[in-house]
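Please look through the sequence and the model before reading on. The report below takes up a few places in turn.

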Amino acid sequence: MKRWKWAMGVLILGWILFMGAWTWAGETMDKIEKTGKIRIGFREDSIPFAFIDPKVGKHVGFSVDMAQLLVENLSKRFGKKIEIEPVTITTKTRIPMLVNGTIDVEMGSTTYTQEREDVVDFSLIFFFSETAFLVPKDSPIKVLSDLDGKRLGGAQGTTNLKAMEDMAKAGKIKPKEIVTVEGHAQGFLALKTGKIDAYATDRSLLMGLASKDEKPENWRTTDFAIAYEPYGYMMRENNSDFRDFVNNTILWSIKTGKFYEIYEKWMGPKGHTPIPMSQAYKDYLQLIVYPMGEDWWKKK
C-alpha cells in the first residue's frame with residue numbers, strides 16, 4: 001500500500017511539473033494566438049520611447065514603433081492579424097501589472113537591473129543611457145558637488161531615484177532633500193515651479209522632456225552622470241518562446257535596417273529628440289546579431 005501511494009505521489013508530482021513547465025513555456029504565445037491580441041504596457045511620459053501624443057491621443061515613440069514590428073511578425077507567425085491592446089503604465093505599476101498578467105510585455109525605456117531580473121525577464125539590451133539631471137539653463141549646478149544642499153527630484157520606482165538615495169546614504173552627495181514624484185511629467189512640473197532644483201532620470205528622457213517645453217532652450221542636462229542605464233523590454237518569467245520571439249524581432253530589425261529607420265525617426269538629427277548614436281553603440285548593435293533564416297518567425 002505504501003509503495004502504491006509513493007508511486008502515485010511520484011506520478012502526480014511529475015504531472016504537475018510537466019504541466020507547469022508546459023504552461024510556463026507557452027502561456028503568453030498561446031494566449032496571443034488564441035485571442036489575436038497582445039496587451040502591451042506603454043508609459044505616457046517616457047519621451048522619445050513611449051509617450052502620449054496629445055495631438056492624436058495615442059501612444060507614440062521608438063518603442064511603440066518597435067511594438068508594431070513585433071505584432072507584424074506575430075501576425076506572420078500565427079497566420080492572422082494580431083492586434084495591440086495598449087495599456088498605460090507607470091514606473092510604479094509596470095512590474096506588478098506584468099507579473100499579474102494585466103500586460104504581456106512592457107515596451108518603453110526600463111533599465112535592466114539584477115533586482116528586476118529576479119522577478120521578470122528582460123529582452124536583449126537595445127539602448128544605453130545614464131542618470132543625469134535636468135536643470136534651468138542658468139542653474140549653478142555644474143559638477144556633482146553642486147548637488148549638495150539642493151532639493152533633488154526623482155520618480156518613484158526608478159533606478160534614478162535609487163541611485164540618488166544610495167549616493168546620499170554613502171555620503172557622496174548631501175542634498176537638502178530628495179523629493180519623490182509620481183512620474184517624469186510631475187518631476188518636470190516640480191522643477192519648473194521651483195519645488196526642486198534638479199530632476200534626475202535617464203539623460204535620453206531628460207532631453208525628451210526639455211524638447212516638449214515651450215522654451216526648450218531654457219533647460220540643460222548636467223555633463224556629469226551618477227549611474228549607467230541599459231534598456232530592455234520586460235516580460236513575465238518562464239515564457240522563453242515569447243522572449244525568444246521578442247529578441248529575434250529586435251535582431252531582425254537591426255539586420256534589415258528597420259531598427260535604424262525607427263531610431264532615425266525618433267532620435268536622428270531631424271527626429272523628435274535628437275540623440276547621436278555613438279560608435280560604441282553602433283558596434284554593440286552589430287555584434288549582437290546572430291545568423292537568422294528568412295523564416296525565423298515560423299513555428300518550428
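Which residues does Leu 74 touch, not counting residues up to four places away in sequence? They are Met 29, Ile 32, Ile 38, Ile 82 and Phe 245, where touching, or contact, means heavy atoms within 4.5 Å.

## Basis of the model

This is a predicted model, in which local features need pLDDT of at least 70 and side-chain atom pairs count only at pLDDT 80 or more, while totals for chains, interfaces and linings use all residues. Residues are numbered from 1 along each chain as its sequence is written, and side-chain values use heavy atoms, with hydrogens and water left out.

A nonpolar core is a set of buried (under 20% relative accessible area) Ala, Val, Leu, Ile, Met, Phe, Trp, Tyr and Cys residues joined through side-chain atoms within 4.5 Å.

## The loop at Thr 158

Thr 158 lies in the loop between strand E9 (151–155) and helix H5 (159–169), helices (H or I, at least four residues) and strands (E, at least two) being DSSP runs numbered from the N terminus. Thr 158 is buried, with a relative accessible area of 10%, and, leaving aside neighbours within four places in sequence, Thr 158 is in contact with Thr 91, Arg 94 and Arg 116.

Terms used: Buried < 20%, exposed > 50% of the residue type's maximum accessible area, 1.4 Å probe, protein only.
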